[in-house]
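Please keep the sequence and the coordinates at hand while going through the points.

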Amino acid sequence: MTRPSPSSPRRLDGRAKVTGQARYAADLADDAANAEEKRTAHAAVVQSTRASGRILAIDTAAACAMPGVLLVMTHLDAPRLKPIQTLPGGELGRFLPLQDIHLHYNGQPLAVVVADTREQARYAASKVQVRYGPAEREPLFALDEAHAERPEKVGAGEPGVTERGDPDAAFAQAAERLDESYETVPQHHNALEPGAAVAAWDAEGRLTVHTATQYSYGDAYALGQAFDLGLRKPFAEVMKSGEAESGLDGKVRLIVPFTGGAFGGKKGNLHPLLAAMAARRAGRPVSLELTRRQTFSLMPFRGGTRQRIRLGGNADGRLSVLMQDALIQNSTLSNFIEPVGEMTPKLYACEHLRTSHRAVEMDINAPSWMRAPGVAVSQFAIESAMDEWAHRLGLDPLELRLRNYAEVEPQGGQPWSSKSLSECYRLAAERIGWNARARGIGAMRENGRCIGYGMATAVYHVAQMPASARVRLNADGTAVAASSTHEIGQGGATALTQIAAEALGLPLERVTLEWGDTRLPYSSLTAGSSTTLSLGAAIGAAADQLRQQLAERAVKDAASPLHGLPAESLRLHDGALQAGDGRREKVSELLRRQGLDGLEAQASTASQIGKPVFGRGAFGAQFARVAVEPLTGEIRVQRLVGAFACGRLINPLLARSQLMGGMVWGLGQALFEQSRLDPRNGRWMNADLAEALVATQADVPDIEVLTIEEDDRRGHPLGVKGLGEIGVVGVAAAIANAVFHATGKRIRSLPLSPDNLLDATFMPRAER
Ligand code: MOS
């Protein structure tokens, strides 16, 4: 078990953030003013109030006449855009704003007002009048199975159907069977910082955008494609090669200061594009800040799901078959489908399995990735079903997991690079007092409330993506590492600076990380819990090249104490090149003698990423204790204990904070979160932070985060697996299972709200 220690530096950006010094995209509106020193104008978006039909007319006269208004841009005069092909996710692949009269969802951007100030723009936007024409068909706002289609691919390209063995026959023959359906609801990311972008064109037609994103290169490519700026490389090649030089050629540049939370919702968004369109029309830099309400329809969300889970096996609990059929809420504009079944095949050792996906294209804005895509909803369904299975067979839910433990990767059959899930189960169970609970359903009472315990398995993929980095050692003993990665609040900048310091053999305070600018070497996206392992590997590879260069110079240099030694034997340590026998030379001395003020190297990692030899996964165990008030159905989560095994921890303090944040989100998913769509008009109804309920301080109990450090060097050069998302996985099921233990009431749809719970009587009348 690892606890935060002196090896856990505090967040390097912590002081800037708590003192208000940290700047975010919209704070940089004035920095964006272009060379001609034109002042930055401000934009506001006019959105449709219908989900379908078409635009008959837009009356902009009143808005145009208002003080400070420079222009109102509509489909009639907006720049014409070329198709965008970047990442799956969001709607840019299928929808470009302000190009025609067709309506696709309630909240679609129909016009952009540009004015001197943000207030003028927003007020004028409220005066734009739109006349609508009828729709050719009834819009679809429900997850209606009749409209479902089977996608070939889901997520980032995973197969829509995964199968092993003969699941149908195995299920038919199973001695014990469970067949239940579970439901999850739409959720919005609600990052603290709403979407914002400041766009400026220079006299040569080059575009610079300051924005908050998780993927600066992806968004730069989207803009470059839309405005046909003549980027040299196909985007797919950029992503695959991860080469530092990406073909942007300065034609489009993204500057990404701190990103104020993202959770999957900040990439491929409409607002950078709208800002750039407006800036082109206005001939001035334009800043566009979405309102909180607008983020619900102008930024993505996680679609709801309905999942049928079938388990079959023996009375001893051993599964022979697991089937998961997911029906997923999607949009007519989306090119992303929640990869619900992505990790299911790797979860338990059962011979027969099938996961399948069906998507319903509704007339709503496009859903996209959201923290722990797929698994966050999948594990609610599967781990609830496992709990039902355990209770039906009279087994301890934890014992059931152990009986189905996958000692090797069950889909591919490879050994795991590392897997410490059994230790996670043991540790977390011990900490929460699992064995001391009363086993019976509804058997525990405290102060008139029903007490229950529940558990679930957490799982997440390990995804290293091709990326590049540059490192430089200076003769003054400092170093700089650089890559266009993103600090989205997760602590990545701190962890990557630590990796650079370790690889360059310098104390942390001597090393600076530069990030957030597409002028820096190509970085993969900050998503999929991949930043530390992807960029960490790139920084490690660049540092190793730099070490080689230095070592070759030293061993050839007659004046060096290292002269004549094999270059390969030298290591960077404590600001010096060091041989095994203790001989050393300070890097600064070597550089000075060679007449250099510094030396740099650059590396990319595509060659590290081949066909996996080992099964890979991050795992964890989630345990919850709840108290349920029998009269009101109020659920209080009294304790959460999560134990996680996610490879090596670069910064245990930040790791704990990430995992805990995920668990808090899991609690919100379990009890509160639900974006409600108005069935009459397809509008998000609770589109503000007053009505979109999330877990707040008073809801969050004593949370214990335990980590088991693994040496995963078989899986990754630094032994890192990534842990940004696994904290959320399984929490909702652990809480739902605890509610069942407390009350005997099984809730198969989220959130576990009091009305949901009181739908059925769970206590004998005499006790109520
Ligand atoms: Mo995260 S949903 O992979 O940005």
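Predicted model: local features only at pLDDT ≥ 70, side-chain atom pairs only at ≥ 80, totals over all residues.

1. Domain layout. The protein chain is divided into three parts: domain 1 covers 14–136 + 190–299, domain 2 covers 302–463 + 613–761, and domain 3 covers 468–608. Between domain 1 and domain 2, the C-alpha centres are 35 Å apart. To the contact between these two, domain 1 contributes 23 residues and domain 2 contributes 28 residues.

2. Area of the interface. The size of an interface is often given as the accessible area lost when the parts come together. For domain 1 and domain 2 the buried area is about 2,200 Å², and 52% of it falls on carbon and sulfur atoms. On the side of domain 1, the residues that lose the most area to domain 2 are Arg94, Phe263 and Phe296, which together account for 30% of what that side buries.

3. How many salt bridges cross between domain 1 and domain 2? The rule finds two. Arg94 forms a salt bridge with Glu361, with 3.1 Å between the closest N and O atoms. Arg94 is also among the residues of domain 1 that lose the most area to domain 2. By class, the side of domain 1 that touches domain 2 comprises eight nonpolar, ten polar and five charged residues.

4. Side chains of opposite charge can pair when their charged atoms come close. The count for the model comes to 48 salt bridges. One of them joins the side chains of Asp77 and Arg281, at 2.8 Å from N to O. Asp77 lies in the loop between β3 (69–74) and β4 (109–115), and Arg281 lies in helix α7 (residues 271–282), so this pair ties together parts that are 204 residues apart in sequence. Asp77 is partly exposed, its relative accessible area being 32%. Arg281 is likewise partly exposed, with a relative accessible area of 32%.

5. The side chains of Glu289 and Arg118 meet in a salt bridge at 2.9 Å, N to O. Glu289 belongs to strand β15 (residues 286–289) and Arg118 to helix α3 (residues 118–125); the pair links distant parts of the chain, 171 residues apart. Arg118 counts as partly exposed, at 26% relative accessibility.

6. Glu204 and Arg206 form a salt bridge in which the closest N and O atoms are 3.1 Å apart. Is Glu204 buried or exposed? At 59% relative accessibility, Glu204 counts as exposed, while Arg206 is partly exposed, with a relative accessible area of 37%. Elsewhere, a network of salt bridges links Glu180, Asp387, Glu388, Arg746 and Arg748.

7. Backbone features. Leu750 and Pro751 are joined by a cis peptide bond, with omega about -10 degrees. Pro751 is placed in the loop between α16 (731–743) and α17 (754–758). Asp228, a residue other than glycine, has a positive phi near 55 degrees; Asp228 is found in the loop between α5 (216–226) and α6 (235–241). Ala372 is not a glycine, yet has a positive phi of about 55 degrees. The loop that holds Ala372 runs between β19 (352–362) and α9 (375–393). Ala372 is buried, with a relative accessible area of 0%.

8. The surroundings of Ala220. Which residues are in contact with Ala220, leaving aside its neighbours within four places in sequence? They are Leu231, Leu248, Val252, Leu254 and Thr518. Ala220 is placed in helix α5 and counts as buried, at 0% relative accessibility. The C-alpha atoms of Ala220 and Pro272 are separated by 9.6 Å, and these residues are 52 residues apart along the chain.

Notes
Residues numbered from 1 in each chain as written. Heavy atoms only, no water. Domains from an automatic or database assignment. Contact = heavy atoms within 4.5 Å. Buried area = accessible area lost by both parts, 1.4 Å probe. Salt bridge = Lys/Arg side-chain N within 4 Å of Asp/Glu carboxyl O. Nonpolar A, V, L, I, M, F, W, Y, C, P; charged D, E, K, R; others polar. Helix = DSSP H or I, 4+ residues; strand = E, 2+ residues; numbered from the N terminus. Buried < 20%, exposed > 50% of the residue type's maximum accessible area, 1.4 Å probe, protein only.
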